[in-house]
Amino acid sequence: FARTFMCLLYRSAVSFADFASLRFEIIVRSIYLTLSLAVLFLSAKLIYPKTKQCLILFLSLSLGLFATHYASHLQHEMTTVLLMILSYALLISEGTHPKTLLLKDFFAGLLLGCLPYFKSIFIILPPMVISAVYLVQPNIISICRRTSYKRLYALILGGLIMGLSGLSLILFLYPEEIQDILDVSAFQNTLLSGGLITIANSLYFFIYGFFCQCLPMNPIVTIGSVTLLINTFHAIKSNDNQSLFHHFFLWTIPMGFILLSNRFFAYHYYLFIFPALIESLVYAKHLKHGKFSVKVTAFTIFAIAILFYIGTMSIFSANFRNYVFANNLQHRYHLSLHKQFPKLRSNTILYLDGGAGSYLAGGQSHLKYIYPLPLQRIGENSKFHNLPCRLECKIQALRYKGKYVILDEQWFGENEKNQEIIEKIKNEYDLVGYLHYVLREWKIFGKPEYTDRILGLYARKPDT
């Protein structure tokens, strides 16, 4: 589903702009933003049918989801959170007829059944939506148990139909994907590859990432964390153990996903936006009978904080883009390798980089993976080093006799065991061009640091 969605998105944009142009990126982001806003407006309308409440919630959702670090944009985590919000809205919405409610629950199940096909580990996310429904409407089961169980059956039926349909399509169209799903934990260098020291390091990096990446980059999570403390205190004071469990459960699932992935990328923390939004809704429910001025003050502070964040991040992003552009101009090389070497698109290429090469060159990959994570992330000392996918990639790379190679030596060389492949490339190929690009190291305090990268294009030597 993830590949199909992104493919349709890119194909829609490529009709109006060149694939590697800035215009293409603007069109892709505009289409994604339009679809996202439509989903958020529909969700707000389902939760609050009244116009005024609907608009306030829509504005809050929009600010909360899109006031985030640019690394999270268009990631599967962002799309997943959108689907979770819509499924939550379908479950929480009111209906005048039982069949209408059952139909909404069925569609919510279909949406939740999609999640594992964005990332297989997202199979752990649907229970979060159930907990969220309970927190906002704790009496949803006690109202009418018979009706509630029917709604639960409709939800499960929708999830099973979507899940089994997706699995059938994979088995029919691309059965190799099943093995990739089983091997994905090896690519992510998970906790499964180490012992207690690995677990301790992972907890340290998670805590550091949460406070130094997640909270500053996602202000709605900061607000949600504060409301979590308030809601937890309220549940303890009311002796509501079930609510305490659901509060804990909502935040534990994203934490489990990040620890299992064990990569601590900024966009992994984006999943915390869903429990943060739910905590804010629960807090708003507690204020339902409070003074109107309290609500206005809370929302005003929220809006100011978000808008300040957007302005700050826009300045950082603009400075970052200017820095990259200036450095590329200094090297006087074309930014798009396929414009400099038109024959690339018609050739099979050995890509040994993190994905930028295939994006720019457009040629077919010699390896099964357009960015060879089995080689880059699985070392000889890892318990996964004998996986068939890794051994197959290594053999294919060493036997490659094609015309072109695109190599990011710094990225691919992080694994010292890849030096054998790098030496082969340098012995048999000449560097004929390169793209200089920069990665920005995010720092909360102090001046940002930049890492220079070279994406080299190698052509086969005439005498080899």
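Guide: The closest cysteine sulfur to that of C393 belongs to C389, and the two are 6.5 Å apart, too far for a bond. A disulfide needs the sulfur atoms within 2.5 Å. In this predicted model, the structure holds 0 disulfides. C393 has a relative accessibility of 3% and therefore counts as buried. C54 is also a buried residue, at 2% relative accessibility.

Turning to the aromatic side chains, a search of the whole structure gives 17 aromatic pairs. One of them joins Y204 and F205, edge-to-face, with 5.4 Å from centre to centre and 65° between the planes. Y204 is exposed at 53% relative accessibility, while F205 is partly exposed, its relative accessible area being 45%. The cut-off for exposed is over 50%, which is why the two residues fall into separate classes.

Another pair is made by F210 and F272. Their ring centres lie 5.2 Å apart and their planes meet at 75°, so this pair is edge-to-face. It connects distant parts of the chain, 62 residues apart: F210 sits in helix α9 (residues 196-217), and F272 in the loop between α11 (241-261) and α12 (273-286). Both F210 and F272 are buried. The two rings belong to one aromatic cluster, together with F206, F211, W251 and Y269.

A276 is located in helix α12. With 0% relative accessibility, A276 counts as buried. The C-alpha atom of A276 is 7.8 Å from that of L228, a residue 48 places away along the chain.

Y153, in helix α7 (residues 145-173), is exposed, with 57% relative accessible area. Y153 is part of a nonpolar surface patch whose other members are Y149, L152, I156, L160, L164, L167 and L171. Taken together, the residues of this patch have about 790 Å² of accessible area.

In short, F210 and F272 are buried, whereas Y153 is exposed.

Conventions: Residues numbered from 1 in each chain as written. Predicted model: local features only at pLDDT ≥ 70, side-chain atom pairs only at ≥ 80, totals over all residues. Heavy atoms only, no water. Phe/Tyr/Trp six-rings, centres within 6.5 Å; stacked < 30°, edge-to-face > 60°. Buried < 20%, exposed > 50% of the residue type's maximum accessible area, 1.4 Å probe, protein only. Helix = DSSP H or I, 4+ residues; strand = E, 2+ residues; numbered from the N terminus. Patch = residues over 30% accessible without salt bridge, like charges linked within 9 Å, V, L, I, M, F, W, Y side chains within 5 Å. Areas by Shrake-Rupley, 256 points an atom, 1.4 Å probe, with all protein chains shown as cover. Salt bridge = Lys/Arg side-chain N within 4 Å of Asp/Glu carboxyl O.
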